[in-house]
Amino acid sequence: MTLTSPTDRSILTHDATGSPVPGPAGPVPRRRSLVVGLGVLRRLGAALITLWGAATLAFFAQMALPGDRATTIFNIRAGQAIERTPEELAPINQAFGLQHPVLVQYLDYLGGLLRGDLGTSYQQFRPVTAIIGEQFPSTVVLGLTAILFAWILMVLWVTLTAGRPAWVRSLGAFVDTATAGLPHYWIGILLLVVFAAGLGWFPVISADKPSGIVLPALTLAIPLAGFLGQSTRTEFESTLGQPFVTTARLRGLGDATVRLRHVLRHALLPAVTLSGWAIGATLSGAVIVESLYSRRGIGTVLVNAVNQQDLPVVTGIVVLVAAIYVVANLLVDALYLVLDPRLRSQA
Amino acid sequence: MTVTALAATLSLAACGDDTKDLAAADPAGKTLVYAHQQEPSCVFGGWIEQAYLSYQVLDSLTSLDENGKAVPWLATAWKQSADGLTWTFTLKDGVKFTDGTPVDAKAVVKNFDYWLGGGNSTAKVWLQGYYEKAVATSADTVQIQLSKPYPQFAETVSQGYFGIQSAQALSKRSDEDNCQQPIGSGAFTVQQWNRGQDIVLKRNPNYTSWPANAKVKGPAQIETIDWKFVPDATTRATALKTGEVDAIYDVSSIDVQPLQDAGFTYEKYVTGGRPQALTFNTQEGPFRDENVRKAFAYSLDRKALVEAVGHGVIPFEPNGSVSQATTDYDSTAGTQYGLDVSKAGALLDKAGWTGRDGDGYRTKNGKTLEVVLPYSAGSIINAEGGSILQGVAEQAKGTGFKVKLIPVPPSEAFAGAYTKPSERDIYPGYWTSIGSGILYINWRQSTEKLPNGNNAAFYNSPELEGYILKANSAKDPAVRKQYYSKAQRFIADKALAIGLYDRLSTLAVSPKVADVWQEHSQGGPVFHDAHFTD
Amino acid sequence: MSTETVDSPPSGRIERDRPSRQRALTRIAARPGLILATVFAALFVLAALAPGALTRTDPMALDLGHSLAAPSLAHPFGTDEQGRDLFARVVHGTRLSLGIGLGAAAVSLALAVVLGSVASLGPRWLRAVVSRLIEIQFAFPTLLLALLLVAITGPSAVTQVFAVAIGTAPGYARMIRGQILQAKGSAYVEAALALGHPQGAIVRRHVLPNAVRPLVSVFAMSIGQSIVWASSLAFLGLGVAPPSPEWGALLDAGRLYIVHAPWLTVVPGLVIVVLAVVATTLGNHLRLALERGER
């Protein structure tokens, strides 16, 4: 038996700003609107700090990479990795201000960020915003589709198999665990060979065809569904034992209705939280999927940029990802309030 | 009557298969989908992947035929001066870049200046030490002045790195534009580049400057090339089999037979120049001793390894300095090193490595015989190459070498990791070249005045350099061959480098498409003559 | 991830009052999943500690005449392109892969406990700073972190451990912080404070144990996740240096041969999945046992 009272169970993990989770032992707010307003400001402030922190981390991490950046840039353009003379490197150093002290470069970079200027790629001679702008939508589409698929799979599976006879539950849990442990490349290549090459149901190279998104999204969705399912399942099953569910059943509601309308929305809370994290994790999985199915996307650009020490592109992507993450969390918090009315009164 | 009849028959016979009826194949609406494995940052540049791409949109002065001889392209004729220090190229009349400006001598000179000014570092590497300047002596004549004779000059400028761009584009357009859409006089133009996905090339209907060894004497027979970037080898092969693409690049050895059985055409081009060889660090470390180098060579059964991993597709290369597809290749160099474990052991004993440590590796004065073998995984050494290197390490272990394989991440590799003598013992890597002139780049001495970062063995020998210089400047091909042979044998006899396998440039083409061939200076697809068979 | 699990739906069965040890054993026997997981776990541990017990074949030995051989009695998992026995390679790779998984999970959790505790129990300013730190770490793409780490320190097992650990720590840190906050605000703690119990004792005796208990299953789950992550890094060429038979590297090496020698890809992937399942199952059961023990 744990120490918490049943009503607190739905407030599982956190709130984005780090302020204590609302509970019975808090001061009663005087003016509602003021508190809400301050809360919003606080969240925004926290978001900005997060963005700044991520950008700074990216900048200095890139600076920490071994080797001289001008040499790297030159070598990549030449396709040969050897030592270069200062005369060869001079134009590159000039063009990108690489000879200035680190702090100056950092301040320049921050200044640019504030202006909305993410810099110019060292290799492509194009502004970073252009590069990200053309690659980003594809990854977003992939990520959102993957999360959508994951949710559909997970909800179906958990609703069907949770809280049933032991063997069904075990099977359900086993499938969740097994799928959560699938390496992305493995499931991707198997799907490709079986469904695209073997059965021909989907194209091998997805390009921009609508049918081309199915296999890549599934590759990301299946492990995610398993991962989300694990926590949703435990939440679902504990909610099934709740008094209000027994009440609902006594009122004569069918099993399906009980599961779908009453239990599900509470069980989904941990999955909602995890989805915020999932968006970030999708990026990493997206690199593998993009390479395998030859889709364009931010993941590949990121890997190439790191390999080429193309600092503006790397930091640009980090800032972008951090921004999305921050926005996603704000949305998740809002979703929490929608899903659980109990939280609304406490907020 | 008989004379005219004879003349008529003769002229008919002279036509042969080379000329195709230009009106026969209507290119409209025909798109060829091609899957390449590597996407460069710019269309034109010093990297081989860029040469493959820029070849489609830029013409060079000369083209290379199967025998490695230069044939006319943008230049109809060329000649060397008696002292070999001046080359005069005569350009084809009436050729225009796709921006309307003429392909004239001034434009060519501008391109030379551009390359040497940093526009193409590989072009520069081929020219430096020999090239002095280029002058436009008339509207269609370019004179190149050299400081030393360079008999293979015409062949050298056939490579994609020497593609000619519009002078106006080079001076007036931004770097970004020239990177994305260089303006040339080639069979295709860049229509659109969707980064990460594909680059769409459009047929140049006003194409008048095909090379002399083109199969089709006219503009291209397909309207569009959808040049896709598909990094995964399995995905490429699968896409070819399902018909989603018409041709692919870089076919892995294991796919070759099944694809051929299924009716696909397999084009294999063995790259000339330095093969994928193991070059020993002769300046520092255990390989300073020639006996240790030879012991390493005798520990390996290179042929069996390459044939097993390469499924008989990848050619084994005994020569450590020049590949079998290179002009003036010496086929005996390096063949003396087969698997001979007892000989290897004896050599190590002679070198003083007589002890054994707990794991069975040789030791000398308490120090283990450890050799560091870093390699650029993915870019320079592909998956099969990596596998072969693992085999090398395992075989060398049998004699007592502790080989430390280090796959170097690209960012480190390009930043110059493992380029110093204190950092590595063996260097694996290829360098494409048409003739054995590559020896100059890789084996010229590295001096303070003229450092040579490409001398991977850190080996300075005036004797070796002497052979190479004599060969480079020899006017008589037999003399040239003799001196290049001397150089290759020198390298092999001293075990400065031993060969593993030759780098391949491979294509697999759908039966629906005909006349896709590979360019002869470095490989890479030529789509100018391609057409659909139906 | 949640704080309490109901074992079985209300079905009306009454538990007889048997000695707890017998009850536990019956429970175990009734769970074939647990038995299976334990057997596999034992196999994995044996493979990690004494691979020679499971296979005599040298995982590095070349057999160029038998390259790409299908599974057979001589080679239960087949051979790779150099004729190396895949079964031997998988067995010998267990130490490295399991090590990476355990290492990453341990480092990650240690980091998470420190960060999460400070973020919920420290003075206000410190809590704010560390919470921000966690968020920043979260927002930073783990993949990028791994790439940069490998670029800085070179590919090795240790780099992988830290890359994966730093990437997964913020998530767990957040969870721990949430748990601690929840426990802090619980009625029980409120009552204990009202009764005048010292804060330190409350934290030690009630807040921390409750926060830490769900970590057991999280730890187990993260072992599997870490190994999957490591295999992704191997795919990107950031894996352990060859010819090491680490499972991620094996998976990556099988890429070229998926059509002609599928066992080279299927087997390493399966082994990774099995380990993840085993770890998670054992973790869940351990957590349940601990919770039951509390009652």
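**Helix packing, chain contact and local backbone features**

In this predicted model, helix 10 and helix 13 of chain B are roughly perpendicular to each other, since their axes, which come within 8 Å, cross at roughly 115 degrees, and angles of 65 to 115 degrees count as roughly perpendicular. Helix 10 of chain B covers residues 290–299, and helix 13 of chain B covers residues 383–399. The crossing in which helix 10 of chain B passes helix 13 of chain B is right-handed. On the side of helix 10 of chain B, the contact is made by Ala295(B), Phe296(B) and Ser299(B), while helix 13 of chain B contributes Gln395(B), Ala396(B), Gly398(B) and Thr399(B). Sorted by class, this contact between helix 10 and helix 13 of chain B has three nonpolar and four polar residues, and no charged residues.

A second pair in chain B consists of helix 16 (residues 462–473) and helix 17 (residues 477–493), which pack with their axes 8 Å apart and at an angle of about 155 degrees. Angles over 145 degrees count as roughly antiparallel, and helix 16 and helix 17 of chain B are therefore roughly antiparallel to each other. Helix 16 of chain B passes helix 17 of chain B in a left-handed crossing. Helix 16 of chain B brings Leu464(B), Tyr467(B), Ile468(B), Lys470(B) and Ala471(B) to the contact, and helix 17 of chain B brings Arg480(B), Tyr483(B), Tyr484(B), Lys486(B), Ala487(B) and Phe490(B). The contact of helix 16 with helix 17 of chain B has eight nonpolar and three charged residues, with no polar residues.

Between chains A and B, the contact takes 43 residues from chain A and 39 residues from chain B. On the side of chain A that touches chain B, the elements that give two or more residues are helix 2 (69–78), helix 5, helix 7 (184–198), helix 10 (255–292) and helix 11 (298–307) of chain A. Helix 2 of chain A provides the largest share of this side, with six residues. By class, the residues of the side of chain A that touches chain B divide into 21 nonpolar, 16 polar and six charged.

Helix 5 of chain A, which spans residues 128–161 and has 34 residues, reaches 47 Å from its first C-alpha to its last, a value close to the 50 Å expected at 1.5 Å a residue. After helix 5 of chain A comes Gly163(A), whose phi is positive, near 65 degrees.

Definitions and conventions. Residues are numbered from 1 along each chain as its sequence is written. Chains are lettered from A and ligands numbered from 1 in the order in which they are written. This is a predicted model: local features need pLDDT of at least 70, side-chain atom pairs count only at pLDDT 80 or more; totals for chains, interfaces and linings use all residues. Helices (H or I, at least four residues) and strands (E, at least two) are DSSP runs, numbered from the N terminus. The expected span of a helix is 1.5 Å times one less than its number of residues. Axes are lines fitted to C-alpha atoms, for helices over the stretch in contact, and angles run from 0 to 180 degrees between N-to-C directions. Angles under 35 degrees count as roughly parallel, over 145 as roughly antiparallel, 65 to 115 as roughly perpendicular and the rest as oblique. A crossing is left-handed if the near helix is turned anticlockwise from the far one by less than a right angle, and right-handed if clockwise. Two residues are in contact if their C-beta atoms, placed from the backbone, lie within 7 Å. Ala, Val, Leu, Ile, Met, Phe, Trp, Tyr, Cys and Pro count as nonpolar, Asp, Glu, Lys and Arg as charged, and the others, Gly among them, as polar.
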